[in-house]
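Subject: Handover of a structure and notes on its contents

Dear colleague,

Please find below the structure that I am handing over to you. My notes on what was found in it follow directly after.

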Amino acid sequence: MNPPPTPRISRRPNLPLVWVVPLAALAVGGWMVWREFHHRGPEITIEFAEGAGVEPDKTTLRYKGVAVGTVTAVDLKPDMSGVSVRLRLDKTAAPLAREDSHFWIVHPEIGFSGVRRLETLLTGARIHVRPGSGAPATHFRGLEDIPPPENVSAGRAFMLRSDRLGSLSPGAPVFYREVKSARSRPAGSRTMLRPC
Amino acid sequence: MNTETTVADRRKRTRSIALACAAAIMLVPANVLPILHTQTPGQARTDTIFSGIVGLYKSGLWAIGAIVFTASVLIPALKLLGLAWLQWATRCGAPVRNPRGLTQLYSALRFIGRWSMLDVFFVAFLSGAVRFGLFANVEPRPGIFAFAAAVVLTVLATAAFDPRTLWPKISRDAGTTAIP
C-alpha cells in the first residue's frame, strides 16, 4: 500500500474573501451619503412682507416650471416687519441666486381676466424666481407682486392715459373689433393705473 | 477544557464578524438618509427613520410609531449587540459561561431577525398603493435600500454564527474526543 501523499502546507496568510462585504458596504454607504449631501445646493434667505401660504418642507421654488428648491423655514423677522423665508436650492439651480434675482410668491389668481395658476390651490403657494446677473448672493428681498414679463417677444407695449379708470384692473384684456388683442399688465408697481 | 479552534471555526467566526461589521456600516446611511417622501395637499414631507417615527407620534399614531421604532431601531441594534456578545463569549481561549442562556439568545436573534423587514415592506407597500397624483403620493428614498441591506446582512451574520461553539467541550484528557 502506498504511503498517503504528504499534505501541502501553505504558509501564505490568506485573508478570507468575506471581508470584501464590509468594504463594499463602506464604499456603497459612503457613496450614498456623499451623493445626498453633494446634491444639496446653497441655502438662501428671502424677506417678504407676508408669508401667506409658504410652508416649510412644502413650498417649492419654481423656475421655468421645474421645482428647483424647497423652503426649509419661515420665521418672523426680529422687528416683526415681515417674514424671513429660508430656502434650500438644488445644486443645479445654484446659479439662480444672484444679486439682482427677483423672488415672488405665487397664489391662485381668479379674476375677470381669467383663472390662472389653479394648481396652487392643491399644491399650495409657490415661489417663482427671475434670476439676475450679478454676483452670487444669499440674502434677498422678495417682490410683493408678480413682476411684468421680461421680454415681449411679439407685439409692443404701450402706456395708455385716460380720464377715468373704467373698472380696469391689471390683466384686463384689450379688444379690437371684439377680438382680444392685448392684455394689460402690471408695470411692476401698484401705481400702474394712475388717475391723471 | 479543550479550547482549541479549527481553521473552519475561525473562518466561520470571521465571516460572522465581517457580515456584522457590514451591517453596522450600512445602518449609518439607513438612519442618516431619508427613507420616504409623502406628498398630500396639506403637506409634503421627506422622512428619515427617526423623523418618521416622530411624525407618527405627533400625528397621534403613537402605536404605529412604537412598532416602527421597535422594528427599525431597536431590533437591528439588539441583534448587533447580541451578536457581539455571542462573539465575545466564544472568543479564543475563554471558556463559555452560561452556554444554555447564550444558546437561547442565539435562537432569539434568529427568530426576530426577519421582523426588521417590516419597515421595508411598509415603505414598499405605501409606495405602490398610494399613487394619487397631486392628492396623495408616496415615494421611497435611498435610505430604505441601505436599511434593507443592513437587515439582510444582520440575518446573514446571525446565520453564519455557529451555535456549536457555545457548547461545552469535553476535555481530551477525560478520555473522550472533543465534540466537533
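M80(A) counts as exposed, because its relative accessibility is 61% and the cut-off for exposed is over 50%. Please bear in mind throughout that this is a predicted model. M80(A) is found in the loop that runs between β3 and β4 (83-90) of chain A. Its phi is positive, at about 60 degrees, although M80(A) is not a glycine.

K64(A) is not a glycine either, and its phi is positive, near 50 degrees. Where in chain A is the place of K64(A)? K64(A) sits in the loop between β2 (60-63) and β3 (66-76). With 71% relative accessibility, K64(A) counts as exposed.

**The two chains in outline**

Chain A has two helices and 11 strands. Along the sequence, these elements follow the pattern α-β-β-β-β-β-β-β-α-β-β-β-β. Chain A contains 196 residues, of which 29% count as buried. Among the contacts in chain A with a separation of 6 or more, 62% come from residues 24 or more positions apart.

Chain B has six helices and three strands. Its pattern along the sequence reads α-β-β-α-α-α-α-β-α. Of the 180 residues in chain B, 41% are buried. In chain B, residues 24 or more positions apart account for 69% of the contacts with a separation of 6 or more. Chain B exposes about 10000 Å², with 69% of this area supplied by carbon and sulfur atoms.

**Where a helix of one chain packs against a helix of the other**

Two packed helices are described by the angle between their axes and the distance between the axes. Here, helix α1 (residues 20-38) of chain A packs against helix α1 (residues 7-32) of chain B at an angle of about 10 degrees, and the axes are 8 Å apart. The angle makes α1(A) roughly parallel to α1(B), because angles under 35 degrees are placed in that class. From α1(A), the contact is made by V21(A), P22(A), A25(A), L26(A), V28(A), G29(A), V33(A) and F37(A). From α1(B), the contributors are A18(B), L19(B), C21(B), A22(B), I25(B), M26(B), P29(B) and V32(B).

**Salt bridges**

How many salt bridges does the structure hold over all chains? There are eight.

One of them joins E43(A) and R88(A), whose closest N and O atoms are 4.0 Å apart. E43(A) belongs to strand β1 (residues 40-48) of chain A and R88(A) to strand β4 of chain A, so this pair ties together parts that are 45 residues apart in sequence. Both partners are partly exposed: E43(A) has 31% relative accessibility, and R88(A) has 28%.

A further salt bridge is formed by D75(A) and R86(A), with 3.3 Å between the closest N and O atoms. D75(A) lies in strand β3 of chain A and R86(A) in strand β4 of chain A, and the pair links parts of the chain that are 11 residues apart. D75(A) is partly exposed at 34% relative accessible area, and R86(A) is partly exposed at 33%.

In chain B, the side chains of R141(B) and E139(B) meet in a salt bridge, at 3.3 Å from N to O. R141(B) is partly exposed, with a relative accessible area of 25%, as is E139(B) with 28%. Elsewhere, E47(A), K77(A) and R141(A) are joined into one network by salt bridges that share partners.

**A nonpolar patch on chain B**

Which residues form a nonpolar patch on the surface? They are F50(B), F69(B), L74(B), L78(B) and L81(B), and together they have about 460 Å² of accessible area. Helix α3 (residues 62-89) of chain B gives the most to this patch, with four residues. F69(B) is located in that helix, α3 of chain B. Its relative accessibility is 33%, so F69(B) counts as partly exposed.

Yours sincerely,

A colleague

Technical notes
Residues numbered from 1 in each chain as written. Chains lettered and ligands numbered in written order. Predicted model: local features only at pLDDT ≥ 70, side-chain atom pairs only at ≥ 80, totals over all residues. Heavy atoms only, no water. Patch = residues over 30% accessible without salt bridge, like charges linked within 9 Å, V, L, I, M, F, W, Y side chains within 5 Å. Areas by Shrake-Rupley, 256 points an atom, 1.4 Å probe, with all protein chains shown as cover. Buried < 20%, exposed > 50% of the residue type's maximum accessible area, 1.4 Å probe, protein only. Axes fitted to C-alpha atoms, helices over the stretch in contact; angles between N-to-C directions. Parallel < 35°, antiparallel > 145°, perpendicular 65-115°, else oblique. Contact = heavy atoms within 4.5 Å.
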